[in-house]
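I begin with the structure itself.

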Amino acid sequence: MNQGKKKFLKTALKVLITLGGLGYVFSKVPLTEALAQWTPAALPWLLLIFALTVVLMAIQANRWRGLLLDEGKKVPFKTFYSYIALGYFFNNLLPSGFGGDAVKTIAFGKRFGNTANSVAAIVISRVMGLLAMFLSFFIALPFVAAKYDIPAGYVATVSAVALIAVLVIFAGLFSDKVKLPAKLTAKIPFLLKLQDAFCVYRGHKKEFLLSGLDSVWLQIVTIIIHWAYLKAMGVDVDIAIITVFTTIMVTFTMLPISINGIGVRENVQVSLYTGLLGIPAEVVLASTLFSYLPLLFQAAQGAIAFAMLKGKDSFEK
């Protein structure tokens with residue numbers, strides 16, 4: 001089977017899982033019942049969420065800029081913010097939660113001439129964010145597990161992905177210790193540049209640790225946003241529970257089995273909040289659907305950034 005057919009079948013499977021997931025959850029909870037939970041009382045919470053979304057994107061931009069070391073200081077902060085927004089724009093167009101990272105990183109690298117460093121910084125940023133999320137999960141887990149019987153499969157999946165994240169960090173930092181096959185590097189010389197870009201952080205511990213601190217702040221803002229989703233529907237849930245449940249949801253939506261986690265997100269949320277806490281399914285689904293609004297807000301910012309950057313050399317090369 002050629003690559004084209006494999007890619008088509010993979011995408012088709014994702015579409016089927018996405019549609020199947022949505023079909024299943026809406027068969028249990030009609031969409032009209034979920035949307036009926038959206039009341040004018042949710043508007044102030046939505047405005048708060050939009051404001052926190054801007055803060056979240058600013059932290060991401062600052063983390064990326066810091067990981068580019070001296071090169072990052074030469075580029076205005078607003079430029080990093082624009083490329084972060086651009087990533088969200090393409091994340092909503094491409095059938096993967098990581099497609100936007102590729103677009104913004106390559107575009108930024110072409111424009112400023114440091115693609116390898118840009119790729120390394122984004123990968124480190126992503127993984128550091130995951131490590132902060134998993135750290136908060138394991139801190140909150142004992143408190144939540146003492147009250148609720150969390151399915152072992154959920155905890156096992158989060159633990160496995162957390163281990164992979166740790167291994168990726170160490171593999172990146174010490175990638176120069178591995179000699180790549182000459183045939184491979186001759187075919188893809190960019191890999192050697194990428195190795196150098198990753199291992200440079202061993203000599204910049206301060207910047208590396210600061211990226212970790214940014215990731216912690218990012219996780220705090222993320223948890224507050226998810227708390228606000230439920231508050232917008234008139235439900236108050238303990239922060240520890242939101243921390244654990246959000247990590248489980250994010251972990252499963254990262255798995256490459258559906259289109260941007262759609263269909264999986266809704267079912268996992270209902271499984272957790274309704275199955276374990278007894279919150280009405282229509283309320284949980286309403287809050288989950290509410291979470292797509294800030295994604296559209298981010299994508300709208302990205303569309304503006306794309307229009308502004310389209311004439312730049314990052315999109316001409």
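Which residues line the largest cavity? I found His226, Tyr229, Leu230, Gln269, Tyr273, Ser287, Thr288 and Ser291 around the largest cavity.

Before going further, I note that this is a predicted model, in which local features need pLDDT of at least 70 and side-chain atom pairs count only at pLDDT 80 or more, while totals for chains, interfaces and linings use all residues. Residues are numbered from 1 along each chain as its sequence is written, and side-chain values use heavy atoms, with hydrogens and water left out.

**Entry: the cavity.** I searched the whole structure and found one cavity of 30 Å³ or more, and the largest cavity holds about 60 Å³ of space. On a 1 Å grid over the protein atoms alone, a cavity is a set of points where a 1.4 Å probe fits but cannot get out, a pocket is an open set with protein on both sides within 12 Å along at least five of seven lines, and lining residues have an atom within 4 Å of a point. A volume is the space filled by probe spheres set on the points, which are joined across faces, edges and corners. The largest share of this lining, three residues, comes from α11 (helices are DSSP runs of H or I with at least four residues, numbered from the N terminus).

Entry: I then turned to the largest pocket, which contains about 1400 Å³ of space. Of the 49 residues lining the largest pocket, Tyr88, Asn91, Arg126, Val250 and Leu295 are the closest to its centre.

**Entry: a helix pair.** Helix α3 (residues 43-67) packs against helix α11 (residues 205-232) at an angle of about 165°, with the axes 9 Å apart (axes are lines fitted to C-alpha atoms over the stretch in contact, and angles run from 0 to 180 degrees between N-to-C directions). That makes α3 roughly antiparallel to α11, a term for angles over 145 degrees.

**Entry: salt bridges.** I counted two salt bridges, each being a side-chain nitrogen of Lys or Arg within 4 Å of a carboxyl oxygen of Asp or Glu.

Note on methods: Helices (H or I, at least four residues) and strands (E, at least two) are DSSP runs, numbered from the N terminus. Angles under 35 degrees count as roughly parallel, over 145 as roughly antiparallel, 65 to 115 as roughly perpendicular and the rest as oblique.
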